[in-house]
Amino acid sequence: MIDVMLSSLSQLFTVSHLLFMTIGVLVGLVVGIIPGLGGIAGMSLLLPFLYGMEPSVALGMLMGLVAVIPTGDTFASVLLGIPGSSASQATVVDGFSLAKRGQAARALSSAFLSSMLGGLLGAVVLSAFIVIARPLVLSFSSSELFMLTLLGLSMVAVLSGKELFKGIAACGLGLLVGIIGMAPATGEFRLNFGLDYLYDGLPLVVVGLGIFALPEIVELLLKRGAISERPCRLGEGWARGLKDVREQKGLVARCAAIGSLVGTIPGLAGSVVDWMTYGHAVQSARDKSQFGKGDIRGVIAPESANNACACGAMVPTLLFGVPGSGTAAIFLGGLLLLGLQPGVGMIETHLDLTYTIIWSLALANVLGAALCLLLARPVASLTRVRFTILAPIIMVLIMFAAYQATRSIADLVALGVIGAVGILFKQAGWSRPAFLIGFVLAPGAENYFYQAVQFQGMSAFSRPGVLIVGALIVAILFMPMLKKVWLRRRAVSRGSDGETSSNASGFANSLGRIDLVIIIGMLLMAGVALVDTWGLSLTGGIMPWLAIGILVLALLCEMARNLLHPVTWVKQTITVQLFWIVGFFLLIGAIMALGFVLSATLFSLLFLLLVARVKPWIATGMAMCVAGFLVGMGHILALSYHVGVLDPLLFQ
Amino acid sequence: MHIPAVIAQSKFSRGATLAIAMSTVAISAIVSPQAQASTDVPAQIKWTIPFGVGGGTDVWARFFAPWFSNSLPDNPTVVIDNVPGGGSINGANIFSIRASHKGDNWIGTSASTQYPAMLGDPRVRYDYADWTPILATPTGGVVYAQPRLGESADEVMASILTSPVKLAAQSPTGVELPVLLALDLLGVDVDAVFGMRSRGEGRLAFERGEADIDFQTTSAYLSSVQPLVDDGKAIPLFSLGILDDQGDIVRDPAFPELPTFLEVYASLNDNQMPTGEAYTAYRKFFASGYTLQKLVMVPKDAPQKLIDTYREAAREFVASDAFKQESQAQLGPYEPVIGEVVQRHLDESMDLKDSTREWLANWLKTEHDASI
């Protein structure tokens, strides 16, 4: 085995291999940085060249691409609050908050360094693990997978902290939105209201962008400043970010380990690992107060996990032909195009190629992170630019990203609707991550539960793996509570009861009109969902009914809490935000009439002239750039846009 | 468009073109030439694939694209346009509305495009009668079982005829439909567990020991199940066989030693052939999902001369030794079918009588608790 390792290593450092890997890395960085493109666009750029290439060289190129996408998309997550891909959604929470506090360079540099370390650790683990991984992957049956989705859902409790019921309600709504579409067990359609678009469920990209990015943009527009609220010197933050990672060595190692392990589990991987490690960072931290407001650990944890996860995801892809993530699925296509069939053959006859894959992954991680580190400082200065100038470009990027989901105008409408929910949530302080976790995990939870019961019956829940994960969930849910009780008792025994009790009562309930709007809206939604799913069979309906139950119960608890405890009425503003949402829908209307490219160009021009009030020649130049970008992307990637009346005449 | 030209020819000029291609990316973004060759063959062919990048049908199309490009007069560029969604219904719907009738728009479909059309899925807005086939590639498949059910195929058959077995499937109307029908005809009580995202996940459930029997199409069987069989961890039961040009189901050339489903049926039923609606449904879905598993189609009202040119080019490269060699890894030991023969099979299989459809809906409801 050692000689195979060494021969793949020498293979790795040939000129052709390095050259093509660098091409892969560069393509990966470009598509990673542009939000919404991600692995799929990158692969479709490279796939045409693949057929007929030398396999080891071609694999190097593909791995170069796969490895750096979770690195490159950090730029969008941190600087613009746009979740680059499903694996970097947790990064947005603290990364963007740090950017707003003027610490974008710090967040970026520590994100890239932890990405690099995570990727390297993942590759090391993978080289040893891949040979013996088969039994482990096979030991995760549907019931263990179901428990792991529950573990992901339990992160909601960790993330919502004191606003537990609101968090659970948000998660319940997420679950309900997540089950839109076909019931896996029976083929029945749920909550699609006869709309073709909803038959497939809402695309993750659209929901992620809507819930996180749109509300942030609206808020920044209202503030009329730059992204960074305070003036800052960038250079200092850059070095500090590197230092942060050095101080959090343990966290990086733990999250990389979690990442590579969860990555090996087929069918779960990317979507939960960032929230799981984020939750872990919150729980293991002594001072939790800064999470969500800009704690560097909230960036380090998911970033060191997602690159390791990309390594781990190679295990089921190579050994079983079952991809663990979206990018891995496309990588699998590349393998097939090269004439390589995944399976035990990857260990028995193609072990050299397998090691080429793993080490290309490691090398590309280092290369990609190094390039990003170099870019971090100049790119971070974007946060000092007046936001109204950036806004139209970001808006176009977001709509471009959302439209790539299914290339239907309905993608944009869904973006607007989810965005409106996001704004309400943000204004009233309801947990948006909880909503997203529910949305992401709903299909997995339903599917694996159904499969576990069908395959294993009741014995599904007495398996050792299930009990272990179950114990872990209980620990996560009750540890904080036990800890509090223990601390209080210790305080009581010392006779200095004062501090803790004042802490408990110092937190007063607050209620505002947006809270009421959300609660009433959610109850209405639950009612509509109940009517829609009334006639379903038990197997098809159990999950939506469960989601409705969770939602309603959490809302009732929240209302009871407000009735039983003194409530302070707080003023919550929403009018101006609504004005922007209406504007967004008007923009969608323009796109329907005029076509995407023309509307985007005109929108940028008018916005820059009337709202940002920049000089006409700058506005014209920037609008031309927007048009050039869209048309260019369309040509290179063979994308098509929504075509209105005028677009075909102007841009064909 | 510069890039697709390079794309389609890259197979033969290999990696060197990639560097050039990357540098022309920037240029092609700005310049958009409209140079149309004066011949009948369009300079650019846009090939809609209603599946995502990297999926089975996408890889299949990317394998064929350079062959078409190199065999057609004037070497047109073949650009693949992935329009995923709704398990291919979305892309096929869009193609049926927007495709040009000049013959420069193709669509690549698969069993999961054919089946909803046959079953009358309300989401389907396309009609196979509007399209005409250029080429089709067949596949076969094998049903295999856990060794805990018996030591030989005969023992396993005897045991699964008496007690219910679990099979991991994608959806009630997915590619497993003919397999479910075949097992039902044999008298096997199948508990299908739906919700797998691919046949690969189904195989994983089998390898974990959760599923008692499983089914894989030829290429996946050869790479992933054959090693299990060699290790004694799986026992092959029967192949689905293949449909010959006369319309008879014969042994699969990939598995000459395995009996076909019909042979097994005959041996269990005094050499009788199956009859009735169940068998009609089986034959139709087997033909459209396996004999014609993947199809290259153009709108029917494209110029007939162009359609003939396409078919001629396909015949030419399919007959070449280079293709036979390269296609082994991608298509298995099956030769693509071209032109009229495809049309004949297609006409036969896609036309499902209302009575058969009703029988099928009822069968799915009672046997698998699924509504279509």
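Me: In which sense do strand β1 of chain B and β2(B) pair, and over how many bridges?
Reply: This is a predicted model. Strand β1 of chain B covers residues 44-49. In β2(B), B:Ile80 is the bridge partner of B:Trp47. The two strands pair in the parallel sense, over 6 bridges.

Me: Which strands of the open sheet in chain B stand at the edges?
Reply: The sheet has 6 strands with mixed pairing, in the order β2-β1-β3-β12-β4-β13 (chain B). Each edge strand has a single partner strand, so one side of each is left without a neighbour in the sheet. The edge strands of chain B are β2 (77-82) and β13 (337-338).

Me: At about what angle to β2(B) does helix α3 of chain B run?
Reply: Helix α3 of chain B spans residues 56-71. It lies across β1, β2, β3 (105-110), β4 (131-137) and β12 (294-299) of chain B. Its angle to β2(B) is about 170°.

Me: Across which strands of chain B does helix α14 lie?
Reply: Helix α14 of chain B is formed by residues 340-350. It runs at about 105° to β4(B). The strands it lies across are β4, β12 and β13 of chain B.

Me: Over which residues of chain B is the pLDDT below 50?
Reply: Chain B averages a pLDDT of 87, and 90% of its residues score at least 70. The stretch below 50 has 51 contacts in the model beyond near neighbours in sequence. That stretch is residues 1-38 of chain B.

Me: How far from A:Cys557 is the nearest cysteine sulfur?
Reply: The structure holds 0 disulfides over all chains. A:Cys557 is accordingly in no disulfide, a pairing that needs sulfur atoms within 2.5 Å. The nearest cysteine sulfur belongs to A:Cys171, and its distance is 14 Å.

Me: Does A:Cys625 count as buried or exposed?
Reply: The cut-off for exposed is over 50% relative accessible area. A:Cys557, at 31% relative accessibility, counts as partly exposed. A:Cys625 has 55%, so it counts as exposed.

Me: Where in chain A does A:Phe193 lie?
Reply: A:Phe193 has a phi near 50°, a positive value in a residue other than glycine. At 45% relative accessibility, A:Phe193 counts as partly exposed. Its place is the loop between β2 (189-190) and α11 (204-223) of chain A.

Me: What is the relative accessible area of B:Asn271?
Reply: B:Asn271 is not a glycine, yet has a positive phi of about 60°. It sits in the loop between α10 (261-268) and α11 (276-291) of chain B. B:Asn271 is exposed, and its relative accessible area is 67%.

Methods
Residues numbered from 1 in each chain as written. Chains lettered and ligands numbered in written order. Predicted model: local features only at pLDDT ≥ 70, side-chain atom pairs only at ≥ 80, totals over all residues. Heavy atoms only, no water. Pairing = 2+ DSSP bridges. Helix = DSSP H or I, 4+ residues; strand = E, 2+ residues; numbered from the N terminus. Contact = heavy atoms within 4.5 Å. Axes fitted to C-alpha atoms, helices over the stretch in contact; angles between N-to-C directions. pLDDT = per-residue confidence, 0-100. Buried < 20%, exposed > 50% of the residue type's maximum accessible area, 1.4 Å probe, protein only.
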